[in-house]
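Please open the model in the viewer and keep a selection panel at hand.

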Amino acid sequence: MTTTLTKPAADAGSPPPKRVRRPKSARAGGQMHAGPIAYIILALFTIGSLLPLVWTAIAASRDNQRLAQTPPPFWFGGNLFHNLDIAWNDANLGEAFINTTFVAGVSALTIVFLSTIAGFAFAKLRFRGRGAMMLIVIGTMMVPPQLSVIPLYMMVAKLDWTDQLQAVILPSLVSAFGVFFMRQYLIQALPDEIIEAARVDGASSWRVVWHVVFPAARPAMAVLGMLMFVQTWNDFLWPFLVLTQNGNPTVQVAVAQLGRGYTPDQSLIMAGALLGTLPLLIVFAIFGKQIVGGIMQGAVKG
């Protein structure tokens, strides 16, 4: 005897079940829209971030006497281009821009290249002492850079590199942060199967790095390169110790010379700081969208 189980029919008089409509933000492929509170918070953070730059431009457009008054000025004056011209000529910023671009470019490219190779080795290769070596690399990030100034300066003096650009370039060719950053990225973005497939095809280690690792790490390499370029551009302590304004100054060394004298002209100092910041703003405005898009693309692929 066979028993057939049937689903009980709904009562004829009962209303049909209501469909629960999900909000548009919860649907597949829908975009989440921010509320007014989120826009207010973002606006406050944006204003707070732009305020130092705006104040620098306002101070650069005034004279030193007006900046010393209370309350300080809150709007632009008429001396901006005059102060920019004086700061450009007095600080020798033309040569300083060329030197800083060269130093920052060489340092950023070298750090990206070496950090990608080292990050790949720590992320995907198996060798004895890998964990201990990675701990040593991370440990160097905890050492204050001021502790290495004296021995580093002694080495530069013995090599007779004082007031030469190689004294600034060589100490900045490697970065423990860069190695750690690339290692963390390649662990997720580079599957082991792709490396094994390249090995099966007979690719050597350097060919794997060139044709597999570098394309997969391109978004992170762009971000690391921009971070290292900005860090080297803004570096002040070490270039100030080994370079002079009359020799091969960087931007930060040249701007620091504007503060000479018994009563430094604050408007000229702000004008020099504004000139030193503008190239970074232009670079980020041009390439910032591509770099952020590269990060998102790499995250999706990973």
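Predicted model: local features only at pLDDT ≥ 70, side-chain atom pairs only at ≥ 80, totals over all residues.

Thr250 counts as buried because its relative accessible area is 6%, below the 20% cut-off. Its place is in the loop between α12 and α13 (251-256). Next, display the residues in contact with Thr250, leaving aside its neighbours within four places in sequence: these are Ala96, Thr100, Pro239 and Leu243.

**The cavity**

Thr250 also belongs to the lining of the largest cavity. Colouring by class separates 4 nonpolar, 3 polar and 1 charged residues. How many cavities of 30 Å³ or more does a search of the whole structure find? The search returns 1.

Now turn to the largest pocket, which holds about 970 Å³ of space. Centre the view on Pro145, Pro171, Ser172, Val174 and Gln231, the closest to the pocket centre of the 26 residues in its lining. By class, this lining comprises 18 nonpolar, 7 polar and 1 charged residues.

Which helix supplies the largest share of the pocket lining? Select α11, which contributes 3 residues. The elements that each supply at least two lining residues can then be shown together: α4 (93-124), α5 (130-140), α6 (149-158), α8 (176-189), α11 (218-234) and α12 (237-242).

Key
Residues numbered from 1 in each chain as written. Heavy atoms only, no water. 1 Å grid on protein atoms, 1.4 Å probe; cavity = no way out; pocket = protein on both sides within 12 Å on 5 of 7 lines; lining within 4 Å. Points joined across faces, edges and corners; volume = space filled by probe spheres on them. Nonpolar A, V, L, I, M, F, W, Y, C, P; charged D, E, K, R; others polar. Helix = DSSP H or I, 4+ residues; strand = E, 2+ residues; numbered from the N terminus. Buried < 20%, exposed > 50% of the residue type's maximum accessible area, 1.4 Å probe, protein only. Contact = heavy atoms within 4.5 Å.
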